[in-house]
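Open your viewer and get the selection tool ready.

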Amino acid sequence: MYDYDLLVVGSANADLVIDVERRPAAGETVLGSDLAVHPGGKGANQAVAAARLGARTALLARVGDDAYGRLLLDSQRAAGVDTVGVLVGGAPTGVALITVDPSGDNSIVVSPGANGRLTPADVRAAAGLCHASRVVSAQLEIPLETVVEVVRNLAPGSRFVLNPSPPRPLPAEVLAACDPLIVNEHEAKVILGEADGSEDPEDWARTLLAKGPKSVVVTLGGEGALVASADGVSRVPSVKVAAVDTTGAGDSFTAALAWRLGTGHGLAEAAAYAARVGAAAVTRRGAQESFPTAQEVEAL
């Protein structure tokens, strides 16, 4: 019996957000809106998104002993996430500097801070959390060696989900554990490198699958997603909405997908639900504040 539907191992950042008419070119200064501070980070976002949907969720992360760290812990607890695995201290809390243009597209620069101090030893110390979780999700805003250690501490029969963001080459040990590997267009191209010059997402998915993951999901923004496994490749449509802010949409998609897979849904079915969750998230500003409840997803 698992105590948690989902354990998220990853980053926790304070998002510092400014709306701009357009993002600046090199050497250019543009004026923006008043600064808004939100709880964020890909790991913390995924944990909140899953908990909002009703998943029994825990977070393994590291924050600083500072105001941003307290903001992040408060946000997790308010959403119902178990924060027993959140470590405090060692460096300032990570910060993401985000600009959002009128179309809702964003650009992000991350200062990892305490996220860079989440170590393999921390994962080994939290092995009980890993073994108590049906699905474990990770990203790459923490050290890659820490993600490798997560793979080595999975419970027998559990499922590992990875969103390799920011993207980098992945060791075979990690790729082989992914079920699924979730990438957007940019992440797919970085991981593929010279292996595939195609502009066809179906080709990306097939080539990625050949690298070792048990399954692959390629997210396509407003066009939905596609899923690939030994059963083949198929498209999953999205819901058409008016996007206000895409910050955190990918995190809500990943969290929803991971949770639904853990409850026994098939890959395509789970991805279709996750696409609806992501669509709901982009209709509101912010990351964690935008994540829907299960009832709001059903009403979409």
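**Stop one: two prolines**

Select P180, which sits in strand β10, residues 178–183 (strands, E, at least two residues, and helices, H or I, at least four, are DSSP runs numbered from the N terminus). D179 and P180 are joined by a cis peptide bond with omega about 10°. This is a predicted model, where local features need pLDDT of at least 70, side-chain atom pairs count only at pLDDT 80 or more, and totals for chains, interfaces and linings use all residues. Residues are numbered from 1 along each chain as its sequence is written, and side-chain values use heavy atoms, leaving out hydrogens and water.

Now pick P166, found in the loop between β9 (159–163) and α6 (172–177). The bond from S165 to P166 is also cis, with omega near -5°. Most peptide bonds are trans.

**Stop two: a helix pair**

Show α1 (residues 42–53) and α9 (residues 249–262), whose axes come within 8 Å and cross at roughly 55° (axes are lines fitted to C-alpha atoms over the stretch in contact, with angles from 0 to 180 degrees between N-to-C directions). Select the contact residues (heavy atoms within 4.5 Å): K42, N45, Q46, A49, A50 and L53 of α1, with D251, S252, T254, A255, A256 and W259 of α9.

**Last stop: strand residues**

Finish by colouring β2 (13–19), β6 (94–100) and β7 (106–111), which each give at least two residues to the lining of the second largest pocket (a pocket is an open set of points on a 1 Å grid over the protein atoms alone, where a 1.4 Å probe fits, with protein on both sides within 12 Å along at least five of seven lines; lining residues have an atom within 4 Å of a point).
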